[in-house]
Amino acid sequence: MGISEDESTNDGDDRGRDPAGESEVFVLGVRHHGPGSARSVVRALEAIEPDSVLIEGPPDADSLIPLAADPAMKPPVALLVYRVDRPRSAAFYPFAEFSPEWRAIVFALERGVPVRFMDSPLSARGFDDDDSDEKPNVSAPDNESENPDVQESQEHENKESIKIRRVARIDPLQELALAAGYDDGEAWWEDVVEHRRDGFDRFESIVEAMAEIRSAFADRSDDPDERIREASMRKIIRSEQSEGRRRIAVVCGAWHAPALVPSAWPGAKDDAAALKRLRKIKTAATWIPWTHGRLTRASGYGAGIASPGWYEHLWTAPDRVVDRWMAKTARLLRTEGLEAPTASVIDAVRLADAVAALRGKSPPGLDELVEATRAVFCFNNDIPLRLIHKKLIVGETIGGVPGTTPRAPLREDFERLRKKLRLVASPDLTVRTLDLRDANDLERSRFLHRLALMGIDWGSLTYANTKGTFKEAWELAWRPEFEIDLIEAGAWGSTIVDAATAKACDLAERASDLPKLAELVDRAIVADLAAAVEPIMKRFEDKAAVVGDVDQLMNALPPLANLARYGDVRGSDFRLIAHATDAMIARIGVNLPPACLALDDDAATATVEAIVKADAAIRLIDKPEHVHIWTDALLKIVDAERTHRKVSGRCCRILFDARSIEALDLERRMSLDVSTTVEPDRAAAWIEGFFKGNGDLLYYDDSLFAIVDDWLGSISEESFINLAPILRRTFADLDAPLRRNLGEKARELSDSRRDDGSKRTASRRTGEATSGRAEDDRDRNAFDASRAALVAPLVARLLGLEYIGNEESIENKKVKE
Amino acid sequence: MSVKSDSKDSRGKNAGGRGAADSAANGGDKASEGGDDGAGLKSESNTVAAAIDRRRRRAEEEFAHELAELERRDDRKRPPRWRLSPRAVASYLMGEKLENGFIVTPKYIGNRRLIEIAIATLATDRALLLLGVPGTAKSRVSEHLAAAISGDSTLLVQGTAGTSEESIRYGWNYALLLAEGPSPRAIVSSPILRAMTEGKITRVEELTRIPADVQDSLITILSENTLPVPELGIEIPAAKGFNVIATANNKDKGVNELSSALKRRFNTVVLPTPATEEEEVEIVRSRVESLGRALELPAEPAGIDEIRRVVAVFRELREGVTSDGKTKLKQPTGTMSTAEAISVLNHGLSLAGHFGDGVLRAGDVAAGLVGAIVKDPVQDRVVWLEYLETVVKERDGWKDMYRACRNVTS
């Protein structure tokens, strides 16, 4: 039975009495999260003065209702109901400051009126995802305001397949809106209900309208789930009646309203029959903080609303809603450095009013305000609108729950640590740089690493802009679904350390290859999970012993090398690592040379990469015995005729860089491997391996430069021409500035060796090869000195130089150009 | 923009005249494109227009019956000096079936909300700036708005690099000036000044092509709603009902960016390219039909299939992806606007009518199509050939189109 304000102010109203004539039931059909509904609900409740308030929601969570009155409870919050044995099966019931249900709870608690939830318990109804998938389900009290039965399972950050259950049903509000000449159900409800500030009750007409709609869409009201839910609701109302409550206020989604009006009730027996044979699952419930972003439909919340921020504004603004909204908009734009003068605010308000009048609405709705904002402030630029949408229309508010909320032990432990470490769970992305030499920061780092191991990516590592291994930069952004992750992780242990350790060991059991395991070791160590490191290392060594692929071994080396070298920054024990690396390097030493024979090009490229990484790792650990093994292995590789040339070239280079082979030796090998008798392909591969991606050293290492220079000088004109394309191809990969530097270096060398004819040619060739401007060089060499001498005095004057008049200076000038 | 570019393209193809029925009531001519018009031009164009058969009628003439009907039915409140209420203006632009069964044809096919914002802007004291790439019906919308609100779409300043301050404010009749000295009689009003005194809507086309210092003379008019005449020590106030609709092209916006002071006097409405293929086909169909009638093309109206194909080609090249979203395409340098699609079809219709069998076929469209797409002989040609070989050739039922296009693209 609906009620309107004037009817309810005294006791003369006898409608809504149950057949026994003992108590009245006032059904307040609302739209979830509608501020207009919230306002009218509060007014209605004040008028009704109920002695019992029933709210559509899971009875499983009845015991949690009193917490809503806690001063620390700050909407948006959500009730989370989950299966005790499988926390992934969970349902959320979000409440915002402006949700009618929330207002009703607050109203009841403030006045000491008993309040409870009314629906079929989730323990009986089960969860939508039972038996199917394992993802949390943002289910909600189904929403009549839009597609009521689209429940989308939460898109989870691990990007597992997203299951969406869509029931093709017609939106009842859409139908009402069409009847009223609107295109969109949401917009219609906005205008008819949400924007009414006079608060005149229209619950009775909502019941009537919904009754019409329900008869038109019999499918849905006949749905077994719906029948069970409504039977449960009635059962609870009946039990309230039998407890002697005389004025019962029922706050429910508008859709259910007609079914809850006592005059429309079926017999108690029918309801009891419908409720038979319901399952019993053990559930637990808790309050969790929610965000405005998560209230939107875009977040996958079925009963979501498009504009929580706007609704909040409607709820909180005492008067002059439009003016205040525009002023807010302008302030936001100004803080972002965009132009938003007050004169424009006035214009925008007037435009919004004018458009609303044109459309026959008053006052303007969000659409009009956004369109006016676009026309007045945005010129031809949508960025301000996006900003407004994110910060104002949706909003970034995050709720809070009191510390006394019952929580799973792991969640409790998390909260304790979080507080101790002074980390704030905020949805905004913040960057935090930790100095690992500081005890507190070190703890924070471990905490975040542990969470990450458990799959809770609250923080993600980014690059700290300082060099050194004692700094870590984290990007922190809290997402409400971490709450479920935490509850789920409860299965692994009841403290963060235990759970992370167990999870890490489990991951190790499943890891398929060595690099993954090595990474896991790294993660376990940075998370300071001593108990996990040992089993993971054991597994690692077992795997390493049987693995046939030497590339895998080499790729697994760098993470371990990092630990072996820097592990002590964190005060971790890394003897285990040292042991493992010893064994690995020994294995690499044995396996690498044969593995480099008979490779195809792709495999060779992969091997070269692995070798480079392994080399860096070994230099990092810097143990003489490792280096010895490594050098031996590399020498074997370069000596073997059938080694892929690219690998051979790279190994030569590594050996020379470490001065494990002499300059003379290098030169000999170079001529041997890149001589004219060698097929051009093979020569090219060798050169590529030797130089590729590593030109800096060539520039800075004078002796290497000299060797290359000499080698180039020593080959015959003909083979140089043959090699030139290969050389140019290789050097083309270097940065342009580096190429230029190399060219200049060659030229300087050429100048300084002017007297020595052969050397000069060599340097010039190096210059040609590196600068990639062989033609220019050749032209320069071919210039006619006598003709150049004619212009030289003029050039000298132009440059402000004194003209000496010999050929040498002309050439110098030309070169300098 | 649409209006202009089609008439440009079909210029010379239709010299034939229709009965003088439409030349009954004539004000100024839209063809005062030079922007250097003063008061004198109006009377002159009156006589000119009366003498010849107009190639295109002004909006308020062409749709006079619709405007009259709307005015008769309109019982809502009208802003001062508006012929219609804002709601009726919206109905005029978007088309509507009135209660008595009278059908108002749509003038703008697209988002109604944009048009509502535009109309609401004109009812406040901010001016309206219509932005959009060429061919998004900016000029057409502004013409119809002026016609519906003031019943007069002729108060037009065509923005060019040579637009002078006189065409925004006022000039002098030098003969009078020399004879009598400065006096109100010697002032030659600009269209804007006339709109101010008469309380009408004035239109400024291509605002961003006007030099910045000339643009600035609009600021006083828009913010103070008066035009000072320092020579006479007077100021001419704007009557209620005066407002400005400016259009600007946001593709080559760099010409003369608006100063932020001027920007602030305008509410901006960006007219988008048609959102869906259906919408675009409908726009092209209705415009081709009405233009074909106006130009008295002898061919039958274009078949919807041919329109669909041309629109598909334009849309795909504009968006750089095929309509099924599977193949990426290079984009030509032109804007590939809807207006150009219309003129391609009109061109085709005229070919079919005068040289073919009166039915529009692929061969008739091909030449116009290639001309519209290949604006740059090197770059665009590559784009077009690629499109032809990879998309047109493969598509079912497009064989004739492919062959025809191949023939004209040597």
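Colleague: Which residue just after H5(B) takes a positive phi?

Modeller: Gly95(B) does, at about 85 degrees. The position "just after" rests on the helix boundaries, since helices are DSSP runs of H or I of at least four residues and strands are runs of E of at least two, numbered from the N terminus. The model is a predicted one, in which local features need pLDDT of at least 70, side-chain atom pairs count only at pLDDT 80 or more, and totals for chains, interfaces and linings use all residues. Residues are numbered from 1 along each chain as its sequence is written, while chains are lettered from A and ligands numbered from 1 in the order in which they are written.

Colleague: What makes H5(B) mostly covered?

Modeller: Eight of its nine residues are buried, namely Pro86(B), Arg87(B), Ala88(B), Val89(B), Ala90(B), Ser91(B), Tyr92(B) and Leu93(B). The cover over these buried residues includes helix H14 (342-358) of chain A, and also H6 and helix H7 (138-150) of chain B.

Colleague: Why does Ile119(B) count as buried?

Modeller: A residue is buried if 20 or more other C-beta atoms, placed from the backbone, lie within 10 Å of its own; with 12 or fewer it is exposed, and in between partly exposed. Ile119(B) has 27 C-beta neighbours inside 10 Å and therefore counts as buried. Ile119(B) belongs to helix H6 (residues 112-123) of chain B.

Colleague: Which residues is Ile119(B) in contact with, leaving aside its neighbours within four places in sequence?

Modeller: They are Leu358(A), Pro86(B), Val89(B) and Ala90(B), contact being C-beta atoms, placed from the backbone, within 7 Å. Pro86(B) is 33 residues away from Ile119(B) in sequence, yet their C-alpha atoms are 6.3 Å apart in space.

Colleague: How many residues does each chain give to the contact between chains A and B?

Modeller: Chain B gives 21 residues and chain A gives 16 residues. On the side of chain B that touches chain A, H6(B) supplies the largest share, seven residues. That side divides into nine nonpolar, six polar and six charged residues. Here Ala, Val, Leu, Ile, Met, Phe, Trp, Tyr, Cys and Pro count as nonpolar, Asp, Glu, Lys and Arg as charged, and the others, Gly among them, as polar.

Colleague: How do you know that S2(A) is mostly covered, and which way do its residues point?

Modeller: Strand S2 (residues 52-56) of chain A has five of its five residues buried. Ser52(A), Leu54(A) and Glu56(A) point one way, and Val53(A) and Ile55(A) the other way. In a regular strand the side chains alternate between the two faces of the sheet.

Colleague: What makes S2(A) and strand S8 (residues 247-253) of chain A a pair?

Modeller: Strands pair if DSSP finds at least two bridges between them, and S2(A) and S8(A) have four, in the parallel sense. Four bridges also join S2(A) to strand S5 (residues 115-118) of chain A, again parallel. Ile55(A) has Val251(A) as its bridge partner in S8(A) and Phe117(A) in S5(A).

Conventions: Two residues are in contact if their C-beta atoms, placed from the backbone, lie within 7 Å.
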